[in-house]
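Dear colleague,

Please find the structure below, handed over for your own work. My notes on it follow directly after.

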Amino acid sequence: MTTVKAYGAFDSKKPLAPLTIERRDLKEHDVHVEIMYCGVCHSDIHTVRNEWSGNTKYPVVPGHEIIGLVKAVGNGVTKFTVGQTVGVGVMVDSCRKCKSCIDRHEQYCAEGIIGTYNAIERDGSGMITYGGYSKEIITDENYVLNIKETENLVGVAPLLCAGITTYSPLKFAQVKEGMKVAVVGLGGLGHMAVKFAVAFGAEVTVISTSASKQADAQKLGAHHFVLSSTPNALKPYDSKFDIVLDAISADHDYTGYLNLLGLNGKLLVVGLPEHQPKVHPFALIKNRRSIIGSMIGGIDETQEMLDFCHEKKIYSEVETIPMSYINEAYERMIKGDIKYRFVIDLSSL
Ligand code: NAP
Ligand code: ZN
Ligand code: ZN
């Protein structure tokens, strides 16, 4: 076992605080990663605050947008060598034998994924997984990503969750030139969705509750901006879009956003608020609309997205913070006061 410095939460009400955790001994196919950066996802907050059906196992060490350097590899590792820059995203294992795993959609594993944090390892050890708010992680090479980028590593970290979570559904919906895409919720996920939809050639509209984000939306490449916080603001956009991508972290209803979809339009749901949203069936049957949920992406697709971003120079817009700033960062995220992803510099821990 290796004792590692980390930051975590001991219950849903207290601020995150320093702690030490144990990382397992290096197994045959393990990669030992010294963590440089870790992005801060709203899922970290949902988990710390136990907002998802009370499933949080305390103490929890969040963080699943990890960039680091390989420090050591197990005897059987073939994909990575010491000194290489790598990434670890939202999952660190899955059953590897169900249809989803074999088809490389491991995120939909029939037995459920092993999350990078707040999960129990599959190896029978009973160990709880701890995420990237820590100095080091030891994990299986098959769930580790290769990072080609050398310059802007801090801007790459959020791709491991915010990036793949928006890339995957936009690809699935075959977003391309000539399509009208609306992105609702311009946060960590939303701003990546804008960048990808623009890169795929779509006409992109940001729908936001924050007037202060209008100029940014344009800088991110969006063609239009709609402020949704006034009554009837969305009315003129009835049936106007092919795709609406919902990246909202707070409770809300789907009906208003479904109404924005034209014939065969799709509401791509990635935001995961605490409570169930309302859906009016009339909003669904009109224009034969559908709601499609999407969870991160498979390992191959994540690698494809990272390589695509490297080639097109697509990065997340980030504010780099020391580990000790995490509690303020959470408060600011909840207020929507972040443009657009906090990334922790682990050298500060
Ligand atoms: P974030 O950076 O905090 O952004 C959330 C955005 O939601 C905010 O910027 C804000 O955008 C909007 N928003 C907040 N409160 C709102 C309200 N009351 N009404 C309407 N809009 C509101 O969060 P994130 O990290 O992007 O994560 C977004 C959601 O996706 C979270 O629920 C997270 O758990 C989930 N998630 C899902 C997956 C998946 O696999 N499906 C993966 C990662 C994260 P505006 O200021 O523009 O209104
Ligand atoms: Zn995430
Ligand atoms: Zn599986």
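The buried residues of helix H4 are covered by, among others, strand E10 (180-184), helix H5 (188-199), strand E13 (241-246), strand E14 (261-269), helix H9 (299-312) and strand E17 (341-345). Helices (H or I, at least four residues) and strands (E, at least two) are DSSP runs numbered from the N terminus, and contact means heavy atoms within 4.5 Å. Before going further, please note that this is a predicted model, in which local features need pLDDT of at least 70 and side-chain atom pairs count only at pLDDT 80 or more, while totals for chains, interfaces and linings use all residues. Residues are numbered from 1 along each chain as its sequence is written, chains are lettered from A and ligands numbered from 1 in the order in which they are written, and side-chain values use heavy atoms, with hydrogens and water left out.

H4 spans residues 162-172, and nine of its eleven residues are buried. Buried here means under 20% relative accessible area, exposed means over 50%, and partly exposed lies in between (1.4 Å probe, protein chains only). The buried residues are Ala162, Gly163, Ile164, Thr165, Thr166, Tyr167, Ser168, Pro169 and Leu170. Just after the helix, Gln174 has a positive phi of about 55°.

Ser168, a residue of H4, has a relative accessible area of 7% and is therefore buried. Leaving aside residues up to four places away in sequence, Ser168 touches Ser294, Ile296, Gly297 and Glu301. With Glu301 there is also a polar contact between the two side chains, at 2.8 Å. A polar contact is a pair of N or O atoms within 3.5 Å; within protein, one must be able to donate a hydrogen and the other to accept it, and residues adjacent in sequence count only if both atoms are side-chain atoms.

**The zinc site**

Which residues coordinate the zinc ion (ligand 2)? The donors are Cys41 (SG), His64 (NE2) and Cys161 (SG), at 2.0 to 2.2 Å. His64 sits in the loop between helix H1 (42-48) and E4, and Cys161 in the loop between helix H3 (153-156) and H4; the two are 97 residues apart and link distant parts of the chain. The spacing of the donor residues in sequence is C-x22-H-x96-C. Both His64 and Cys161 are buried. Donors are N, O and S atoms within 2.8 Å of the metal (3.2 Å for Na, K and Ca); water is not among the atoms, so sites may look incomplete.

**Gly68**

Gly68 belongs to strand E4 (residues 66-73). Its relative accessibility is 0%, so Gly68 counts as buried. Apart from residues up to four places away in sequence, Gly68 touches Val33, Glu34, Ile35, Met36, Gln84, Thr85 and Val86.

**The two domains**

The domain assignment gives domain 1 (2-161 + 316-348) and domain 2 (162-293); such bounds come from an automatic or database assignment. The centres of domain 1 and domain 2, taken over C-alpha atoms, are 27 Å apart. In the interface, 15 residues of domain 1 are in contact with 19 residues of domain 2. The two domains bury about 1400 Å² between them, 51% of it on carbon and sulfur atoms. Buried area is the accessible area (1.4 Å probe) that two parts lose on being put together, summed over both. Across this interface there are 17 residue pairs in polar contact, both at pLDDT 80 or more, and two salt bridges.

**Salt bridges**

A salt bridge is a side-chain nitrogen of Lys or Arg within 4 Å of a carboxyl oxygen of Asp or Glu, and the count by this rule is 21. The side chains of Lys339 and Asp216 form one, at 3.2 Å from N to O. Asp93 and Arg96 form another, at 2.9 Å; Asp93 is buried at 11% relative accessibility, whereas Arg96 is partly exposed at 38%.

Asp300 pairs with Arg104, the closest N and O atoms being 3.0 Å apart. Asp300 is partly exposed at 41%, and Arg104 is partly exposed at 33%.

With kind regards
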